[in-house]
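Hi,

Here is the structure I promised to pass on.

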Amino acid sequence: MLEKAKSKDPPSQEDLWSSILNDVRTSSAPRQRIAAKNLIVVGDVSSGKNSVVARLRQKDAASGPDVDEARGCGMEYTYVDVNYEDFDDVFARLGVWILDGDEKYHPLLNYCLSEDNLDSAVAMVMVDLSKPWTALASLQRWLGVLSEHVNALKIDPKKRREMEEKQVKFFQSYSEPSEAAAVAATTNAAAGSSSSGVTTTAADEEKVLLPLGEEVLVQNLGIPIVVVAAKSDAFTQLEKEEDYGEEHFDYIQLHLRRVCLRYGASLVYTSAKDSRNCELLYSYLIHVAYELPFKDAATVVDRDAIFVPIGWDSSKKIALLQEQITTMSADDLFEERIPEPPSKKPAQDQVPVTAEVDQIFLLRQQAHLGIPAASGGLAQTRAGEPPVPRPAANNRSPRSERRSPAAATTGATAASAAAAGGGQSGETVLASFFQSLLQKKPGGAAGRSPAGAGAGGAAGAAGGSGMTDLRAALDKTQPKKP
């Protein structure tokens, strides 16, 4: 009997482990059946797309207002882990597609927004609040890009109508979050999830849906849209530098909410630098993508932490904000009330200074001093180029180098006179040369002894004949006139 009992113990242990594994498999089954979701992020260059996505991925983006780590070209892909409170592990992974800020890359949307996965996509449009004068135009432009792309897809009309009706129902079924509703939804989510992650309660099924108001969901793309106004921390700087007031910020909010209401989109002010509303944005994206419970209420009090969920806003609520604006009309052009500030340029345009060529500068100084320029001292160059000094040729013979100092001095004087008078006639050059000699003679003869005078007279007679020969030689060197 004991042997039979011992033989029965191992099977009981195996049954225990098998039951545990079956329980784990059963509890993890809903996660395996959740359909993949994609987040499409569009916006201008430096609008904060990478910074906000980094915050969603729980990375540190506090080093600057715009963190563009591992930034690609055209389109980037990453993912965000979805953590749900009822699951210890990752509930799902939300694929994130980041389109480049240049509109020429919008054909790349075909890779993430196609006929097959359009019903599982969520669009996130980024707006830069540090440049509020571009916010409205940027929002309208990117919403137009999404609308043009979705309308160009060859979707079955029946499927497109079902997607649009789903967005209308999602807008109409919004209700203020309460603790009781959150507990009921959490209990329902823990009991089991559908293939798309949608949770419904009896209260939701019995709820009476009100018709849409005016200017609501006029442009229905069939996908949820979340408008993220990033860099809201720049409001303080705008107050100091651009003299913005509270009405300016209300005016910006008013126009953004008007556009969001037409597309049935939500509006979230965030700051990746200060981590403002980043956790709220993460929770709301999970709520929109997987329709999981969401507990945060709308807020329009804090100017830099605005949150308007889908289905909360209406034309009447926007009119209440319009009543608070007294110094400007809400119907005025956005560009007139929020103009782009003039660029901070210097009072006078700084003209770049070009350094003058050394030879041209020296020639100009030579002309200013009245010194005639030597015709043979500069080499001819092409048109538009500065003249280049021609190197002096060393034509002196060893015999000439052995001349006396006086002869060398006389030769140098004659050479300089000839060079200085290159552009003058031969008579003028010789007259100047002999005039210089005559001015030196009286000074040189003064104070000499009679003997020295006699010697000087003989030398002068010899010099007279030498000067005649020099003049004849100089006459030969001058070009003859035709």
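Below are my notes on a helix contact, a salt bridge and a surface patch.

This is a predicted model, in which local features need pLDDT of at least 70 and side-chain atom pairs count only at pLDDT 80 or more, while totals for chains, interfaces and linings use all residues. Residues are numbered from 1 along each chain as its sequence is written, and side-chain values use heavy atoms, leaving out hydrogens and water.

Helices H2 (residues 49-56) and H9 (residues 278-290) pack with their axes 9 Å apart, at an angle of about 75°. That makes H2 roughly perpendicular to H9 (65 to 115 degrees counts as such). From H2, Val52, Arg55 and Leu56 meet Cys278, Leu281, Tyr282 and Leu285 of H9, with contact meaning heavy atoms within 4.5 Å. Six of these residues are nonpolar, none polar and one charged.

A salt bridge here is a side-chain nitrogen of Lys or Arg within 4 Å of a carboxyl oxygen of Asp or Glu, and the count comes to 14. One of them joins Asp44 to Arg141, with the closest N and O atoms 2.6 Å apart. Asp44 lies in the loop between strand E1 (37-43) and H2, and Arg141 in helix H3 (residues 135-152), so the pair ties together parts that are 97 residues apart in sequence.

Finally, Leu16, Trp17 and Ile20 make a nonpolar surface patch of about 340 Å² (residues with over 30% relative accessible area by Shrake-Rupley with a 1.4 Å probe, no salt bridge, nonpolar side chains joined within 5 Å and like charges within 9 Å). Leu16 lies in helix H1 (residues 2-32); helices are DSSP runs of H or I with at least four residues, and strands are E runs of at least two.

Best wishes

Note on methods
Axes are lines fitted to C-alpha atoms, for helices over the stretch in contact, and angles run from 0 to 180 degrees between N-to-C directions. Angles under 35 degrees count as roughly parallel, over 145 as roughly antiparallel, 65 to 115 as roughly perpendicular and the rest as oblique. Ala, Val, Leu, Ile, Met, Phe, Trp, Tyr, Cys and Pro count as nonpolar, Asp, Glu, Lys and Arg as charged, and the others, Gly among them, as polar.
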